[in-house]
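Reader: I am new to reading structures and would like a close look at a single part. Please take me through it slowly.

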Amino acid sequence: YSQNSPNALATLRRKTGYTISNCKKALDLHQNNLVAAEKWLNDQAQALGWSKAEKLEGRKTQQGLIGVLVRDNCGVMLEVNCETDFVARNKKFQEFLGASSATCWKYIRENVKNATDVSQKNLSSDDLKALLAADGKILSDHLALLIGTVGENAALRRGIGFKSEDSGVFLTGYAHPSQTEKDGFSFGKFGAVVAFRRSDTPRDPQLERKICQHIVGMNPKRIGDKAVDEANEDADSEDVLIHQEFIADATKTVGEILEESHLEVVNFTRFECGEGSE
């Protein structure tokens with residue numbers, strides 16, 4: 001029969017978020033079987049997404065967000081792009097960034113070996129699109145679905161992963177302007193993941209976060225070596241981390257703060273959304 005149960009229609013609409021007309025059509029085609037109707041809707045959305053993705057391919061994607069996920073001494077940072085800032089604020093876009101970051105984090109945790117100090121793995125757009133998500137689909141399928149949902153082109157641009165199995169090395173991440181951090185995940189227009197070494201003193205999460213903020217704000221090009229690198233005479237042009245004036249206390253350099261705190265920056269990466277794109 002073709003008359004939809006109000007409860008079934010409401011349940012399907014609430015669960016999938018698709019339009020009432022599409023939910024009605026799905027229930028009509030599958031005799032009010034919710035499981036079959038939901039599968040049909042998802043299959044249709046996937047096909048529409050790929051069709052939309054093909055039509056929009058080539059359109060510039062210079063907006064977007066940086067996602068940062070650090071958990072259990074494994075950290076990743078991803079850049080996902082879209083055409084407009086309006087879509088970057090879309091809940092579906094942000095959920096896609098979160099799910100993609102979690103997929104990437106799982107891949108780094110399971111596949112990066114011998115991380116006795118800190119291991120780093122760069123991930124290209126193609127690398128990211130080939131990763132297997134929790135539902136068994138690859139990320140390129142989820143990306144196509146996102147494009148079909150938001151109606152403009154989107155791209156998994158780049159990613160990076162860090163992992164350490166050294167008890168003296170640990171990771172901290174930061175995104176700016178930071179949204180509410182949940183389970184180690186945050187996102188914004190800028191991001192940084194920093195690997196620290198501290199062997200003889202307790203961790204100081206507040207200081208670690210401030211150094212991440214400094215790296216996001218001051219954009220150092222490298223850590224530097226006090227025995228080799230000289231400070232720039234123009235402090236405003238300094239691009240070596242240890243010689244930069246600390247953003248939280250301009251009377252000291254980052255190197256002095258690290259030395260006082262018995263802390264060492266082993267590695268860092270900073271992402272800015274859209275940097276280097278045409």
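How many residue pairs are in polar contact between domain 1 and domain 2?

Author: This is a predicted model, in which local features need pLDDT of at least 70 and side-chain atom pairs count only at pLDDT 80 or more, while totals for chains, interfaces and linings use all residues. Residues are numbered from 1 along each chain as its sequence is written, and side-chain values use heavy atoms, with hydrogens and water left out.

The count between domain 1 and domain 2 is 0 residue pairs in polar contact, both residues being at pLDDT 80 or more. A polar contact is a pair of N or O atoms within 3.5 Å; within protein, one must be able to donate a hydrogen and the other to accept it, and residues adjacent in sequence count only if both atoms are side-chain atoms. The number of salt bridges across this interface is also 0, a salt bridge being a side-chain nitrogen of Lys or Arg within 4 Å of a carboxyl oxygen of Asp or Glu.

Now the two parts themselves. Domain 1 covers 7-56 and domain 2 covers 63-271; such bounds come from an automatic or database domain assignment. The contact between them takes 7 residues from domain 1 and 10 residues from domain 2, where contact means heavy atoms within 4.5 Å. Their C-alpha centres lie 36 Å apart.

The size of an interface is often given as the accessible area lost when the parts come together. Here domain 1 and domain 2 bury about 820 Å² between them, and 61% of that is on carbon and sulfur atoms. Buried area is the accessible area (1.4 Å probe) that two parts lose on being put together, summed over both. On the side of domain 1 that touches domain 2, the residues divide into 4 nonpolar, 2 polar and 1 charged. In this scheme Ala, Val, Leu, Ile, Met, Phe, Trp, Tyr, Cys and Pro count as nonpolar, Asp, Glu, Lys and Arg as charged, and the others, Gly among them, as polar.

Q31 sits between α2 (20-29) and α3 (34-56); helices (H or I, at least four residues) and strands (E, at least two) are DSSP runs, numbered from the N terminus. Q31 has a positive phi of about 50° although it is not a glycine. Q31 counts as exposed because its relative accessibility is 54%; buried means under 20% relative accessible area, exposed over 50%, and partly exposed in between (1.4 Å probe, protein chains only).
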